[in-house]
Amino acid sequence: MRPLITAVGLLLAWEALAWATGVPVYILPPPTRVAVVLVQRFDLLIEQAAWTAAEMMLGLVLGLVLGATLAVVFAASAGWRRWALPLVIISQAIPVIAIAPLLVLWLGYGMASKVAMAALVIFFPVVSALYDGLSRTDPGWLDLAQTMDAPPRAVLLQIKLPAALPAFASGARIAAAVAPIGAVIGEWVGASAGLGFLMTQSLARGQTPLAFAALVLLCLLGLALYHATDWVTRRLVPWQSLQGE
Amino acid sequence: MTFVVVASPPLSVRGARIAFGDRVVANNLALEFPASRTTCLLGRSGVGKTSLLRWLAGLLPGAERTQPTAYMAQRDLLLPWLGLLDNVLLGFRLRGDAAGLEAAVPRARRLLTEVGLGDRLGDRPETLSAGMRQRAALARTLCEDRQVVLMDEPFAHLDAVTRLDLQDLAVRLLAGKTVILVTHDPLEALRMGHQVRVLSGSPFAVGPALEPPGAVPRDPTDPVLLGLQGLLIAELRSTP
């Protein structure tokens, strides 16, 4: 309830500011104007939103699968950890915006480059959270498994991996929060569809209220993706959510 | 005080050295644990009781386990994502021993019933009290069906009454096994142990075997036992 009151308060202040200063609509459109555009151009907006949502979700799935696989490989093999982990860290030192044009060059203006971009920003938080979780298993459990003569593979799959699921869940939640960044940067750099594309197009034509309407939808998409991921990951680790209640 | 000599092979330690870097916990250690009996190792915190037990379990680097052992720690170590029955069967699941697992299911059920959890087979550990969880851990330890059972202060975290109940239960279920139980509670050692041995010094030395009279579990209100408890406390206090 409180966030809603805060949001309404901010919108009223914004509206008042726009009226009081008489700032032109193409600089700062008042919320009422944005709402009108949101309704009038709903068909266009929802079509572009569906495109961006698809990019975000595909990127999220790809990033999660890629990140989880790498984390398990790193946890299972010291050789891979030594050779590939530094590369993964270096890959994060390159700002994603810097490689965005390259990805568009290689993968084209379509969905593939945006999915790749989203997966690229997502996989690192997933790798680091899950790998961290896999290397922090309760030593008591590992001792117990050792006295039971458990083979290393069984220890990884039956103890380390389930024990690391809460860590994976927090990685996945962060990933869901940053997924829109990858997709939208890709669209800003070069695209033929999507909310980011719509924003660049409308801003270039002075249709600022439409750009704001696209931004509102982008915000809602991000929230929906985050909450959906949160819901799924909570069901993945029911023993943890029960402890938290 | 003498060693109990039993026909079946006892668990023995010869010339063992337990050290962490420069800190020597035990040097040239020679110990015999009688077969099918419970030996309680008593000592103050930090003397090296747990290190000795971990050494016997093969959990310390350089330690060689002479025979398969079941291990029960201070914490229950139940896996929170598994139900009780699956937790009790953990060893068979981890070893990927399908035939053994199938054969162990009835035993696991029986053990859980014996520890009073027969109606909670599918429940997750977080729904249980600390005493119930430790009872489930006891069932898991016994389900491994190994002749040697190593226990590291298994009841230290429980309230006094629950602890007495669990001691009785453990003595009943552990009958016939070679048990080495580490504790800092003299009364627990005197109630459960066929033999009680005191660890003291650094590197530690193991005192002679004390064999209290009567069958285990012994009555905690027995004046003889309480007298022995007084002597043990005095001995523990006099050692560093």
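Seven bridges connect strand 1 (residues 11–20) of chain B with strand 2 (residues 23–33) of chain B, and the two run antiparallel; two strands pair if DSSP finds at least two bridges between them, and strands (E, at least two residues) and helices (H or I, at least four) are DSSP runs numbered from the N terminus. This is a predicted model, in which local features need pLDDT of at least 70 and side-chain atom pairs count only at pLDDT 80 or more, while totals for chains, interfaces and linings use all residues. Residues are numbered from 1 along each chain as its sequence is written, and chains are lettered from A in the order in which they are written.

**Hairpin of chain B**
- Strand 1 and strand 2 of chain B form a hairpin with two residues between them, and Gly21(B) in the turn has a positive phi of about 65°.
- Within this pairing, Ala16(B) has Leu29(B) in strand 2 of chain B as its bridge partner.

**Helix 6 of chain A**
- Of the 24 residues of helix 6 of chain A, 22 are buried (20 or more other C-beta atoms within 10 Å of a residue's own, placed from the backbone), so this helix is largely enclosed by the rest of the structure.

Key:
A residue is buried if 20 or more other C-beta atoms lie within 10 Å of its own, exposed if 12 or fewer, and partly exposed in between; C-beta atoms are placed from the backbone.
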